[in-house]
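Colleague: I have a new model open and would like to go through it with you. Could you take my questions as they come?

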Amino acid sequence: MTSLGLALLVLGAVVAVAEAHYPTQGIAGGTGVLVMAVGAVLAITGLGAGVLVALLAGGALAAAGAGGVLLSVRKGSAVRHRRVRTGAEGIIGHLGTVRNWTDASGSVTVDGALWRARRSPGPDDDEQQVPPLHVGDPIVVENLNGLTLSVRPAEEWELL
């Protein structure tokens, strides 16, 4: 009985830890905590202690484990709802500065990194009436295609 209880304790701990690596919304963590509590009850009764002591120890282990799983699930769900701040989605809307520019393409710095860039056409841009970008002009990133940014000139209100 003691060896079965110890095996259940180890198995429950492995399943509860797996919750941190495979987000199952608390299902694996809750199952792991339950298996650990049953393992604790079996191990303690197998060692000769009374059933009441074993149930109290198992209940205490289950309560502590359930609190940990609940905290983990709440923190994990809060992270899932945050805005993406890195990668292709994270750079869109950032301000940058033109480093050099020729016709419709050039290089810009955004967040301290040097990027290849092209001018993104605006809704009312006409090829003949588009003012050129110059070195030092502020720009706004509108899209990312591979390693090339699509940029437009920054408006006054975006620079405040």
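This is a predicted model: local features need pLDDT of at least 70, side-chain atom pairs count only at pLDDT 80 or more; totals for chains, interfaces and linings use all residues.

Colleague: Let us begin with α2. What should helix α2 span, and what are its end C-alpha atoms apart?

Modeller: Helix α2 covers residues 27-46, and its 20 residues should span 28 Å at 1.5 Å a residue. Its end C-alpha atoms are 28 Å apart, so the two values agree.

Colleague: Which residues of α2 are buried?

Modeller: The buried residues in α2 are A28, G29, G32, V33, M36, A37, G39, A40, V41, L42 and A43.

Colleague: And what covers the buried residues of α2?

Modeller: The cover includes α1 (2-21) and α3 (51-80).

Colleague: Take α1 then. How do the axes of α1 and α2 cross?

Modeller: The axes of α1 and α2 come within 7 Å and cross at roughly 160°. An angle over 145 degrees counts as roughly antiparallel, and α1 and α2 are therefore roughly antiparallel to each other. Their crossing is left-handed.

Colleague: Which residues make the contact?

Modeller: From α1, the contact has T2, L4, G5, L6, L8, L9, G12, A13, V15, A16 and E19. From α2, it has I27, A28, G29, G32, V35, M36, V38, G39, A40, L42, A43 and G46. By class, the contact of α1 with α2 has 15 nonpolar, seven polar and one charged residues.

Colleague: I noticed E19 in that list. Is E19 buried or exposed?

Modeller: E19, which lies in helix α1, has a relative accessibility of 7% and therefore counts as buried, the limit being under 20%.

Colleague: What is E19 in contact with, apart from its neighbours within four places in sequence?

Modeller: E19 is in contact with T24, Q25, G26, I27, A28, G29 and V73 when those neighbours are left aside.

Colleague: Now the other side. How do the axes of α2 and α3 cross?

Modeller: The axes of α2 and α3 come within 8 Å and cross at roughly 160°. α2 and α3 are therefore roughly antiparallel to each other. The crossing of α2 and α3 is right-handed.

Colleague: Which residues are involved in that contact?

Modeller: On the α2 side they are G29, G30, V33, M36, A37, A40, V41, I44 and T45. On the α3 side they are V51, A54, L55, A57, G58, L61, A62, G65, A66 and V69. The residues of the contact of α2 with α3 divide into 14 nonpolar, five polar and no charged.

Colleague: How many residues has α3, and which of them are buried?

Modeller: α3 has 30 residues and reaches 42 Å from its first C-alpha to its last, close to the 44 Å expected at 1.5 Å a residue. Its buried residues are A54, G58, G65 and V69, and what covers them includes α2.

Colleague: What follows α2 in the chain?

Modeller: α2 is followed by G48, whose phi is positive, near 105°.

Colleague: Which residues other than glycine have a positive phi?

Modeller: Most residues other than glycine have a negative phi. Among those with a positive value here are D103, at about 55°, and D111, near 55°. D103 is found in the loop between β1 and β2 (105-110), and D111 in the loop between β2 and β3.

Colleague: Are D103 and D111 buried or exposed?

Modeller: D103 is exposed, with a relative accessible area of 80%. D111 is also exposed, its relative accessible area being 56%.

Colleague: Turning to the strands, where is V98, and is V98 buried or exposed?

Modeller: V98 lies in strand β1 (residues 95-102) and, at 2% relative accessibility, counts as buried. Leaving aside neighbours within four places in sequence, V98 is in contact with S107, V108, L133, H134, V135, G136, D137 and I139.

Colleague: How far apart are V98 and A49?

Modeller: V98 and A49 are 49 residues apart in sequence and 75 Å apart in space, C-alpha to C-alpha.

Colleague: Last, what does W115 touch?

Modeller: W115, in strand β3 (residues 113-119), touches I91, G106, S107, V108, V110, L144, L147 and L149, not counting residues up to four places away in sequence. The C-alpha atoms of W115 and G96 are separated by 9.8 Å, with the two residues 19 residues apart along the chain.

Methods
Residues are numbered from 1 along each chain as its sequence is written. Side-chain values use heavy atoms; hydrogens and water are left out. Helices (H or I, at least four residues) and strands (E, at least two) are DSSP runs, numbered from the N terminus. The expected span of a helix is 1.5 Å times one less than its number of residues. Buried means under 20% relative accessible area, exposed over 50%, partly exposed in between (1.4 Å probe, protein chains only). Contact means heavy atoms within 4.5 Å. Axes are lines fitted to C-alpha atoms, for helices over the stretch in contact, and angles run from 0 to 180 degrees between N-to-C directions. Angles under 35 degrees count as roughly parallel, over 145 as roughly antiparallel, 65 to 115 as roughly perpendicular and the rest as oblique. A crossing is left-handed if the near helix is turned anticlockwise from the far one by less than a right angle, and right-handed if clockwise. Ala, Val, Leu, Ile, Met, Phe, Trp, Tyr, Cys and Pro count as nonpolar, Asp, Glu, Lys and Arg as charged, and the others, Gly among them, as polar.
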